[in-house]
Amino acid sequence: GGPTIHVTNPAAVEAAARVAAAAAAKKKSKKSKSSTSTTPTEKMPPLQIQQTNPSYMVAAAIIRRTLDKISTPTATLLNGLLNGDPNIVSQTNISSAESSGTEKSGTTNAFAMKEEKQK
């Protein structure tokens, strides 16, 4: 008994990766001939399993709380950038693709801005 939480089954992730790799290899090995696709013969394990380990319960609670805390500031930042909100744009170093070309520092700056916003 006791509380349980559903977590991703590692065996399902591994099986899905094997199926995807086999499909990619099959697709790559085919020339441009079309044929009916075959379904994988591997029986897929369940996507989620029940976990009763207390450390999983604590980790799940931390992840939920963290997600709740960061979802609103992240959504505000993205919406402000996408809508060209002058208040958001002026507070960040993220440049638009038109003005900066292929700058790759945008991700770091977004995290820095989020940290500054939380202070």
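Of the 119 residues in the protein chain, 14% are buried, where buried means under 20% relative accessible area with a 1.4 Å probe, protein chains only. This is a predicted model, where local features need pLDDT of at least 70, side-chain atom pairs count only at pLDDT 80 or more, and totals for chains, interfaces and linings use all residues. Numbering starts from 1 along each chain as its sequence is written, and side-chain values use heavy atoms, leaving out hydrogens and water.

The order of elements from the N terminus is β-α-β-α-α-α-α; helices are DSSP runs of H or I with at least four residues, strands runs of E with at least two.

Now to strand β2, residues 48-51, which contains Gln51. Gln51 is buried, at 18% relative accessible area. What is Gln51 in contact with, leaving aside neighbours within four places in sequence? The list is Pro3, Thr4, Ile5, Val7, Tyr56 and Met57, with contact meaning heavy atoms within 4.5 Å. A polar atom of the Gln51 side chain also lies 3.2 Å from the backbone nitrogen of Asn53.

Next, helix α2. Residues 54-83 form this helix, 30 residues in number, and the span from first C-alpha to last is 43 Å, close to the expected 44 Å; the expected span is 1.5 Å times one less than the number of residues. At Ile70, α2 bends by about 30°, with Pro73 following within four residues. That bend is the angle between axes fitted to the seven residues ending there and the seven starting there. Pro73 is also one of the buried residues of α2, as are Met57, Ala60, Leu77 and Gly80. After α2 comes Gly84, with a positive phi near 70°.

Technical notes
Buried means under 20% relative accessible area, exposed over 50%, partly exposed in between (1.4 Å probe, protein chains only). A polar contact is a pair of N or O atoms within 3.5 Å; within protein, one must be able to donate a hydrogen and the other to accept it, and residues adjacent in sequence count only if both atoms are side-chain atoms.
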